Amino acid sequence: MASIKLNSAHLEKISAAGKAQVPTYRRDGAVKEGIVHIGVGGFHRAHLAFYINQLMQKYGISDYAICGVGLQPFDAKMRDALRSQDHLYTVIERSGKGNSAHVVGSINSYLFAPDDREALVAKMANPDTHIVSLTITESGYYYNENTHELQVDHPDIQFDLDPANKKTPRTTFGFLYAALEQRYQQGLRPFTVMSCDNMQKNGSITRHMLESFAHLQNPEVAKWISECGAFPNSMVDRITPQTSAIDITKLAEEFGIEDAWPVVTEPFMQWVVEDQFSDGRPPFEKVGVQVVRNVHDVELFEKHKLRLLNASHSAIGYPGQLAGFKYVHEVIQNPLFYNLVWQMMQQEVKPLLPDIPGVNVDEYCITLMERFSNPTIMDQLPRICLNGSGKIPQFIMPSIAEAIWVTGPFRRLCFVTAAWFCYVKGVEDSGENFVVDDPMRAELQEMAHQGGNDPSKLLSIKSLFGDDLRNDERFIKEVAMAMEAINRDGVMKTLPKYIDQK
Ligand code: CS2
């Protein structure tokens, strides 16, 4: 079957082929771009942009289309892919039950900041912009995990604080500030800054970082942002692997669509967001978003998700990579790994979690195991392992600290920590090398080599580990034991020691 190039002119033809859903709403000049989104990757396109697509398609919402933004040089690829197809793209949902394709039209335009930085500031300052949303990853927040403050000395932040660069910033905070200052001068409301990154307290961190930045620029504007601005916290969830060349070919074969950069994802999606918006918002509830009044409710959902889903991903990723696996579902098909993940969730993490009315944690865990087992999305271990220094301290360490506090079990969590410590050296149990993609790679590798089987060197990295764990003998002993076993026998021979046989 000949495939059809994705663009606006071909939508009818694609629709007539009857294989994919396509947008039938008006786009371009017929809609307003109420959302400017920084960091258009696979996750944004499968999550927020997908929800907005549903609002536009089913409810005719026309003032919250998205203007996508790329700040980094590598974003040029996304700019070109989207531009070549009128900013349309395909979301392919895959599961054991079958595959479906949805052409999404909610991204209406795209600005690549290095092309024209002032144009981006003007876009955000435009009164039609009500929300600036972010998926910029942990490193985009310039947040010091240890002091909980903005990394003021970072060269990027220093660059943006220099008055000479005010109109042509580099960082998200430079852009947010420049645009908000214009809105302040024009008597407009501040747009809502909505973080969609997978971090605990994502909204509160965004607020604190931006307020700190603004304070160094102009305390008066900072005060206005802090009094009138809104920074909703949220829990975001949808497993979205990296798009592969095979995905592009399969889309053409199966659905007859030629798309330069489709997104593959699972059918499941969830978003719990705090109802804090300073300049209006779309009726997210209509498309299944859980909009909650109380920030505490978001925190509960965040905690469940980070400690169960993301921690399990780490338990699959680091030891899985050492054992030579390539994909999440392959790891989970192995009974040893299945039991490790299940028992870690059930015995070690679950007892630490607060109740959420209406949520059955056991059912949540069962659903997670099903999602991890989905063989059709081909979720890559290197994606799961990426940037472990931003993950392990968020997903694993807090559970260990709390388990020690309540004298609960934590051996499996220590095994995962040990596996990460071994992983950072970049060598599989078979002796094969792999790439460790982490901004702290050099320091981690140096400490791992110096320490051998002793975790103390790695644990001495202050920005990653708190003093409570660094000085806890039970924790150090457990991690050292697991490291020794992994280094001596490899992951597969070590795993049985961490599993209760029934
Ligand atoms: C993964 C997440 O990278 C990771 O550590 O656990 O990207 C995960 O797929 C998402 O949080 C799912 O919502």
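**A residue and its surroundings**

A: Q54 is placed in helix α3, which covers residues 48-59. Helices (H or I, at least four residues) and strands (E, at least two) are DSSP runs here, numbered from the N terminus. The model is predicted: local features need pLDDT of at least 70, side-chain atom pairs count only at pLDDT 80 or more, and totals for chains, interfaces and linings use all residues. Residue numbers start from 1 along each chain as its sequence is written.

Q54 counts as partly exposed because it has 18 C-beta neighbours inside 10 Å. The scale behind that word uses C-beta atoms placed from the backbone: a residue is buried if 20 or more others lie within 10 Å of its own, exposed if 12 or fewer, and partly exposed in between. The C-alpha atoms of Q54 and G105 are 9.7 Å apart in space, although 51 residues separate the two in sequence.

G39 sits in the loop between β3 (35-38) and α2 (42-46). G39 is buried, since 22 other C-beta atoms lie within 10 Å. Apart from its neighbours within four places in sequence, G39 is in contact with H44, L134, T135 and I136; contact means that the C-beta atoms of two residues, placed from the backbone, lie within 7 Å. I61 is 22 residues away from G39 along the chain, and 23 Å separate their C-alpha atoms.

Two further loop residues have a positive phi without being glycine. D86, in the loop between α4 (76-83) and β5, has a phi near 50°. With 19 other C-beta atoms within 10 Å, D86 is partly exposed. H148, in the loop between β8 (131-134) and α6 (155-161), has a phi of about 65°. H148 is exposed, as 11 other C-beta atoms lie within 10 Å.

Helix α7 (residues 172-185) has 14 residues, and its first and last C-alpha atoms are 20 Å apart, close to the 20 Å expected at 1.5 Å a residue. The expected span is 1.5 Å times one less than the number of residues in the helix. Because 12 of its 14 residues are buried, α7 is largely enclosed by the rest of the structure. Among the buried residues of α7 are F173, F175, Y177, E181 and R183. G187, which follows α7, has a positive phi near 75°.

At the level of the whole chain, the assignment gives domain 1 (4-290) and domain 2 (297-497), with bounds that come from an automatic or database domain assignment. Their centres, taken over C-alpha atoms, are separated by 30 Å. In the interface, 25 residues of domain 1 are in contact with 21 residues of domain 2. On the domain 1 side, β5 (89-95), β10 (234-237), β12 (263-265) and β13 (270-274) each supply at least two residues. The largest share of that side, 3 residues, comes from β10. By class, the side of domain 1 that touches domain 2 has 7 nonpolar, 12 polar and 6 charged residues. In this grouping Ala, Val, Leu, Ile, Met, Phe, Trp, Tyr, Cys and Pro count as nonpolar, Asp, Glu, Lys and Arg as charged, and the others, Gly among them, as polar.

N233 lies in the loop between α9 (219-228) and β10. N233 is buried, given 27 other C-beta atoms within 10 Å. Leaving aside neighbours within four places in sequence, the contacts of N233 are K201, N202, G203, S204, E274, V295 and V298.

Finally, helix α13 (residues 335-349) has 15 residues and reaches 20 Å between its end C-alpha atoms, close to the expected 21 Å. The buried residues of α13 are F337, L340, V341, M344, M345, E348 and V349. The cover over them includes α11 (295-322), α12 (328-333), α14 (361-373), α17 (397-405) and α18 (411-423).
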